[in-house]
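I opened my notebook to look through one model. These are my entries, in the order I made them.

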Amino acid sequence: MEPARPYSGGMVEASKVSLWRNRYEIVADGQSLAMWEGRVWRSGGAFELAGRRYDVNSNVWGTRFEMTDEASMIVATADRVGRKQWTVEASGRTYRFQRVSWWRSEELLVADGRPVGSVRLTRR
């Protein structure tokens, strides 16, 4: 895998790479960015991006997450994950996700009051 580069926009995909482990490759516009290593017995995991390691931990119910860097400093939080509306806070900004409908596995990403993207589950 090549060294990761900072992400500058476009399509991002996560693909499961192991049947036996909770492991996903994160790809942006055809280039590998990171490998997500999820925990087996609880929510969260770790990944390395642009040479820096990040850990993601959750509360007991899996509705609040914190992402920390190598120095254990919080760099992002996600709150009310899995609800109709939930938020991510990072770098002093708040991003809101909202479910498009009950029947589709898609969520709209809203920043500064405008839709800027979406997240959806695909079946391959």
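Leaving aside neighbours within four places in sequence, which residues is Thr68 in contact with? I find Arg53, Tyr54, Asp55, Met73, Ile74 and Val75. Contact here means heavy atoms within 4.5 Å.

Before going on, I note the ground rules. This is a predicted model, where local features need pLDDT of at least 70, side-chain atom pairs count only at pLDDT 80 or more, and totals for chains, interfaces and linings use all residues. Residues are numbered from 1 along each chain as its sequence is written, and side-chain values use heavy atoms, with hydrogens and water left out.

Back to Thr68. I place Thr68 in strand 6, residues 64–68. Is Thr68 buried or exposed? I read a relative accessible area of 13%, so Thr68 is buried. The cut-offs are under 20% for buried, over 50% for exposed and partly exposed in between, with a 1.4 Å probe and protein chains only.

Next, the whole chain. I count zero helices and 11 strands. Both are DSSP runs numbered from the N terminus: helices are H or I with at least four residues, strands E with at least two. The radius of gyration is 15 Å, close to the 14 Å of the globule rule for 124 residues, so the chain is as compact as a globular protein of that length. I take this radius over C-alpha atoms; the rule is 2.2 Å times the number of residues to the power 0.38. The C-alpha trace spans about 35 × 35 × 30 Å along its principal axes.

I then checked burial and contacts over the chain. Buried residues make up 25% of the 124. Of the contacts with a separation of 6 or more, 5% come from residues 24 or more positions apart.

Then the strand pairing. Two strands pair if DSSP finds at least two bridges between them. Strand 2 (residues 23–28) and strand 3 (residues 31–38) run antiparallel, joined by six bridges. Glu25 stands opposite Met35 of strand 3. The hairpin of these strands has two residues between them, and there Asp29 takes a positive phi near 50°.

How many bridges join strand 3 to strand 4? I find two, and the strands run antiparallel. Strand 4 covers residues 44–49. Glu37 stands opposite Ala46 in strand 4. Five residues lie between strand 3 and strand 4 in their hairpin.
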